[in-house]
Amino acid sequence: MSSDLTDDFDDDGRDARPSKTQRKKEMHELQALGEALTEMPDERLERLELPESLRDALREYHRTRSHEGRRRQMQYIGKLMRRVDPEPIREAIAEMRLGHAMDTLVLHQAEHWRAELIASDDAVTRWIAEHPGCDVQQLRSLVRAARKDAAASPEQRNGRAYRELFQFIKPLLQEPQDE
């Protein structure tokens, strides 16, 4: 037996090379990673250390308008992805997706707090306790205006106080809390 053949088998005599199915799975994963790169904003792409050929292929993908042209360009991007280390790209994509998820969470929290603040004085007290740096006078004024607006008949509501309260709450939820 030549040494070239023995390198392809492990100690138990099984084939050590990845199966065709495994290789195809890896190629599909790289192509999916390439697709995620096409959705990434340019400023984030610039921070990644990508080969120029891959950057050019991504730019070309964005310029291409036809469905078939984009499909073929995506296959080419997947081919180029085989030559790069996928880990930094995976981390950048995960970071981007986590950022979107965190933004959505803050919006939901702000909506929840706004509804609670309008509904009860206890919620105002809790908010002030959890966010000691907030402008209490402005908060109470916004809550009062939002309650007054909510109590008005539907055709007399303008929603301004409701929006202003939301805009007051949202940045305070994004600040790191002192534990």
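**Exercise 1. Determine the handedness of the crossing of helix 2 and helix 4, then its geometry and contacts.**

Step 1. Helices are DSSP runs of H or I, at least four residues, numbered from the N terminus.

Step 2. The contact uses Gly-34, Leu-37 and Thr-38 of helix 2 and Leu-54, Leu-58, Tyr-61 and His-62 of helix 4 (contact: heavy atoms within 4.5 Å).

Step 3. The axes of helix 2 (residues 20-39) and helix 4 (residues 52-63) come within 10 Å and cross at roughly 65 degrees. Axes are lines fitted to C-alpha atoms over the stretch in contact, with angles from 0 to 180 degrees between N-to-C directions.

Step 4. Helix 2 is therefore roughly perpendicular to helix 4 (65 to 115 degrees).

The model is predicted: local features need pLDDT of at least 70, side-chain atom pairs pLDDT 80 or more, while totals for chains, interfaces and linings use all residues. Residues are numbered from 1 along each chain as its sequence is written, and side-chain values use heavy atoms, without hydrogens and water.

**Exercise 2. Find the rings that have the charged end of an Arg over them.**

Step 1. Apply the criterion: CZ of Arg, or NZ of Lys, within 6 Å of the ring centre and within 35 degrees of the ring normal.

Step 2. The charged end of Arg-70 lies over the ring of Tyr-61, 4.4 Å from its centre.

Step 3. Over the ring of Tyr-162 sits the charged end of Arg-114, 3.8 Å from the ring centre.

Technical notes:
Helix = DSSP H or I, 4+ residues; strand = E, 2+ residues; numbered from the N terminus. Parallel < 35°, antiparallel > 145°, perpendicular 65-115°, else oblique. Left-handed = near helix turned anticlockwise from the far one by under 90°.
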